[in-house]
Amino acid sequence: MTETKITHVAAGILIRPDGQFLLGSRPEGKPYAGWWEFPGGKLEAGETALAALGRELEEEMGIRVTAAQPWLVQTFTYPHARVRLNFFKVTGWDGEPHPHEGQAFAWQRPGALTVEPVLPANTPILRGLQLPAELAFSNVAELGEDAWRERLEQRLQAGLGWLVLREPQLDPAGYAALAARVLAQVRRHGARLLLHGAPGLAGELGADGVHLPARELMKLGERPEGWCGASVHGAEELARAGELGLDYAVLGTIKPSLSHPGVAPLGWDGFSALVGQGWPLPVYGIGGLAPADLADACAAGGQGVAMLRAAWA
């Protein structure tokens, strides 16, 4: 049996300080001409993905990349080719993008595209760009509902956008009642609420999705509707999250944590080694983290930080 050749590609997501990102149209004469994609191109023999990214963006649009972070790796099979795309977040460059190959450019906002169609391999990337740098987990168990919801209100007013409601000490009825109250609260601020391991309840209440514990992730046959992420602890669970097409994973524990006493932390080196294997979904670090860890998380290839206690400090 002939093995399908994989073409390795580097693609850059140029992100401006206001959060807008750049899409380019494929020029006439190429497959999928007129479709929109992230700029980039094929790796040459012996070339790293980062080196190919810099070369391609200079050739295609005349910019010199000064800051780029490896983000996601997506393998996709088109009728004409099978490609492995190494996506980078590009946050620094010299020069202004100008089309050098007959393509058009369009700056876009996450979740509000004004151009179409977009290449199918780019669709999960567009979804990932809507994710925040901070993912907060609730802490009613330690703070009590009144104190925690008061702190939640302060965080929502300050711009907190995504919340996972994880309260394993509650019975199903108590959790459902709390979820309804919290959902009404986050909706007033336009934030998103994910329920912890309760896809049926999420659908019933109209929540935005679910966050799955690792034990449920490994038993899952297909991803639930809406936004869906999962907690993971290693490569096997990351692979399963990727196979199911989940939107993100939370990997830990990064530092010693009260939630996991006695568990050897991964550290940022261990996190980077796992994330650097290349996954099709963004990965957050979790465990003993604070907002000050965000830069380390991004430098290690992560989407950002997930926090429990520090989110409400």
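A charge sits over a ring if NZ of Lys or CZ of Arg is within 6 Å of the ring centre and within 35 degrees of the ring normal. The legends below all refer to a predicted model.

**Figure 1. Two arginines sit over tryptophan rings.** The charged end of R16 sits over the ring of W107. Its distance from the ring centre is 4.4 Å. In a second example, the charged end of R127 is placed over the ring of W227. Here the distance to the ring centre is 4.0 Å. W227 lies in strand β12, residues 227-232.

Figure 2. Strands of a sheet pair through backbone hydrogen bonds, either parallel or antiparallel. Strand β6 covers residues 82-94 and pairs in the parallel sense with strand β1, residues 6-14. This pairing has 9 bridges. Within it, V9 has L85 of β6 as its bridge partner. Strand β5, residues 64-77, pairs with β6 in the antiparallel sense. That pairing runs over 12 bridges. A68 stands opposite V90 of β6. β5 and β6 form a hairpin, with 4 residues between the two strands.

**Figure 3. Three strands make an open sheet.** The strand order is β3-β2-β7, and the pairing is antiparallel. Strand β2, residues 21-25, is joined to β3 by 2 bridges.

Figure 4. At least two lining residues come from each of β1, β2, β4 (40-42), α1 (49-61) and β6. β1 gives the largest share, 4 residues. By class, the lining divides into 16 nonpolar, 8 polar and 7 charged residues.

**Figure 5. The largest pocket is lined by helices and strands.** Its volume is about 740 Å³. There are 35 lining residues, and R166, S259, H260, I286 and L308 are the closest to the centre. Two or more lining residues come from each of α5 (172-187), α7 (214-217), β12 (227-232), β13 (248-252) and β15 (304-307). α7 gives the most, with 3 residues. The lining holds 18 nonpolar, 11 polar and 6 charged residues.

**Figure 6. Y32 and W35 pair edge-to-face.** A pair of aromatic rings is described by the distance of the centres and the angle of the planes. The model has 10 aromatic pairs. For Y32 and W35, the ring centres are 5.0 Å apart. Their planes stand at 90 degrees, so the pair is edge-to-face; the cut-off for that class is over 60 degrees. Y32 is partly exposed, with a relative accessible area of 25%. W35 is also partly exposed, at 28%. Ring pairs link Y32, W35, F76 and Y78 into a cluster.

**Figure 7. Y248 and Y284 pair across distant parts of the chain.** The ring centres of Y248 and Y284 are 5.7 Å apart. Their planes are at 90 degrees, so this pair is edge-to-face. Y248 lies in strand β13, and Y284 lies in strand β14, residues 283-286. The two residues are 36 residues apart in the chain. Y248 has a relative accessible area of 1%, and Y284 has 1%. Buried means under 20%, so Y248 counts as buried, and so does Y284.

Figure 8. Rolling a probe the size of a water molecule over the atoms shows where empty space is left. The structure holds 1 cavity of 30 Å³ or more. About 30 Å³ of space lies in the largest cavity. Its lining is made up of W71, L72, V275, W279, L281, P282, V283 and G301. By class, 7 of these are nonpolar and 1 is polar, with no charged residues.

Note on methods:
Residues are numbered from 1 along each chain as its sequence is written. This is a predicted model: local features need pLDDT of at least 70, side-chain atom pairs count only at pLDDT 80 or more; totals for chains, interfaces and linings use all residues. Side-chain values use heavy atoms; hydrogens and water are left out. Two strands pair if DSSP finds at least two bridges between them. On a 1 Å grid over the protein atoms alone, a cavity is a set of points where a 1.4 Å probe fits but cannot get out, and a pocket is an open set with protein on both sides within 12 Å along at least five of seven lines; lining residues have an atom within 4 Å of a point. Grid points are joined across faces, edges and corners, and a volume is the space filled by probe spheres set on the points. Ala, Val, Leu, Ile, Met, Phe, Trp, Tyr, Cys and Pro count as nonpolar, Asp, Glu, Lys and Arg as charged, and the others, Gly among them, as polar. Rings of Phe, Tyr and Trp (its six-membered ring) pair if their centres lie within 6.5 Å; planes under 30 degrees apart count as stacked, over 60 as edge-to-face and the rest as tilted. Buried means under 20% relative accessible area, exposed over 50%, partly exposed in between (1.4 Å probe, protein chains only).
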